[in-house]
Amino acid sequence: MSESVQIPRNSLAWLLVAQIAIFLPHTGHAPLWLWAVWLVVALWRWQVFRGAWSFPSGWVKLTLIVICGAGLAFSYGGQFGMGTMVSLLLAAFMLKLLELRRRRDILVLCYLGYFVAGTQFLFYSNLVAAFYGLFSVVVLTAALLASHQSLRQYRFWRTFRLTGVLLLQATPLMVILFLVVPRVGALWSVPAEAGGASTGMSDSMSPGEISNLAQSNALAFRVTFESEVPQPAERYWRGLVFSDFDGRTWRQSHRQQLPHLVNWDDEPPAVWRDQIERLGRPVRYEVMLEPNHERWLYTLPAPSEWSDGIGIGPEFRLQKRQRVSQRIQYQVTSYLDYRYQRVGLADWERRQEVQFPSASNPRTQERIREWQEELVSDEALIERLLEHYRASFHYTLQPQTLGRHSVDEFLWDTQAGFCEHFASSFVFALRVAGIPARVVVGYQGGERSTLEDYWIVRQRDAHAWAEVWLEDQGWVRFDPTTAVAPERIELGLNEALAQDEAFQASRTFGADRGLLLQLSLRWDLLNYQWNRWVLGYDNRLQDRWMENWLGGRDPWRVAVAILLTGGVLVTFMVLVILWQQRPHYRYPADRYYARFCARLARAGLSRSRGEDPRAYAHRVIAARPDLAEPVERITRYYEWIIYGDDHSALEQLRGAVKGLKV
């Protein structure tokens, strides 16, 4: 088989490396047995190249296809989702190796490889994934380039350098296409697997759950404020509202989970939205939420405007129609000063917000009823309960394990707990007194980036508080945690913990290592800018960019931008090629002597290939006696410099060549 069709060894080696690079990001979610299949296929193809084995027969290829198909069906339980499709594509990409017979087959395999390399972004969308994806493309392009190089021409670094040059040449056009091609959404809007692992706040709350979550430094979301930043005591990021309590665990009631209660932006405003009284000045901000595989979003109360594709529930809960399986970005306008349902509650709603299991926590029921007989108002009972917390309670990340009557044990025995213990016991106690109350979970506070004007909210900022309905006031936020640890709200979690717990938490969060903390903040800033301006580049940002730089988004403006970019790119490449093809001289004297020869050539006295300077001079003088003196002088200067190493004659040579008249 001739070299024009045979697959070069270096190209095959690059292909194998490229396949490894492309497969690696899928190791965490694709079946591991695919690697075993790849090893068999790669070994077989290498042996074919060495001439030790022959190409597999049709029956062998059919057997491998059946094995891969059956294995995928077994691994995914017969479900045909995105993970199954990606694994099927990986299997096809590796099996195609066995059909490589000619160089043109490499072209097909490399084009398929570019597509497969892009599938990693269905699962990872951070800056590391971007760099790794670029590396995969470089290796794959090197394989394509190596297929057009013979073994005599092949050099590893030369191939790598040429690959980099090709990609750099394509970068300007790629950037302009990224900016002007119409977009239907952000790059992270591609839906991922719905059954992925959930991280962050769950749809229920039991003693110890939030305290465990608060020991995680994982990112929950980032916030950029477009208006004045609210004070720490106002930064309560609402998530879910829990109204159902079984004596130990808080959940949403059945009615709270009814999908038809959510009011979407393409529907007429719901009746209950008229019960919201928004006061004061609005706060505008943008949230970049990490994937958590839940539908609800986090906002400050009470939202009045939000991005398209978002609905709102009766408890100010914003949510998406689909689970948040990819990072999303949304804009919200909230009014921190508001009144809601001030005129009263419906009968079913009051029953929902005062229900509790009558057989649970008997000591608390007895004590609250005693207090209620002594006090004259609901506000007085609330204040008495808060005073009880202030008297001897302790805020801790490591509370004792509570049993069946968790509220009794916390209020009257252990008196040490995290925010969920305070919120749960507070709401239960008020419900015993017939006061409507409910638990709200979300996040509180956040850390301002020292490098950029945005806020970072982590899982350790998870928090639970209470909402109480009071006559003529509506729903009012109460945070019983502030009765014990007010510094939790004003200064953050570490300031509210005991010294030993704060030290342990700071080690967990990396706060005791200044350099690591600064590196972490800088890395977060890079990811934030990447997510906001690249992955989050949607039609809204595109309209803004095109208005600022192109004056509008008319088709002719887009066409001009693409043509100008292509023209500048082609012009630059032509100039680079011309520059590379310019004559190269070992010594400056050679440049001046070449000019001398060029002038004589224009007069019909060209220098022959291999003709030495003295012989050339004699031939010119014989043909043109009138040039004898300058030709002899120029030749003498050139010989002094080249053969006599007399560089002092360089200026004389330059002057003589410049003054030559032919």
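Start by selecting strand β17, residues 462-470: the strand is mostly covered, with nine of its nine residues buried (buried means under 20% relative accessible area, exposed over 50%, partly exposed in between, using a 1.4 Å probe and protein chains only). Strands here are DSSP E runs of at least two residues and helices are H or I runs of at least four, numbered from the N terminus. Keep in mind that this is a predicted model, where local features need pLDDT of at least 70 and side-chain atom pairs pLDDT 80 or more, while totals for chains, interfaces and linings use all residues. Residues count from 1 along each chain as its sequence is written, and side-chain values use heavy atoms, leaving out hydrogens and water.

Now show the side chains of β17. Ala462, Ala464, Ala466, Val468 and Leu470 sit on one side, His463, Trp465, Glu467 and Trp469 on the other, and all are buried.

Click Gly442 and look across to its bridge partner in β17, His463.

Then bring in β18, residues 474-478, paired antiparallel with β17 over five bridges. Val468 stands opposite Val476 of β18. β17 and β18 make a hairpin with three residues between them, and Asp472 in the turn has a positive phi of about 65°.

Last stop: select helix α20, residues 555-580, and pick out Val570. Val570 is partly exposed, at 49% relative accessible area.

Key. Two strands pair if DSSP finds at least two bridges between them.
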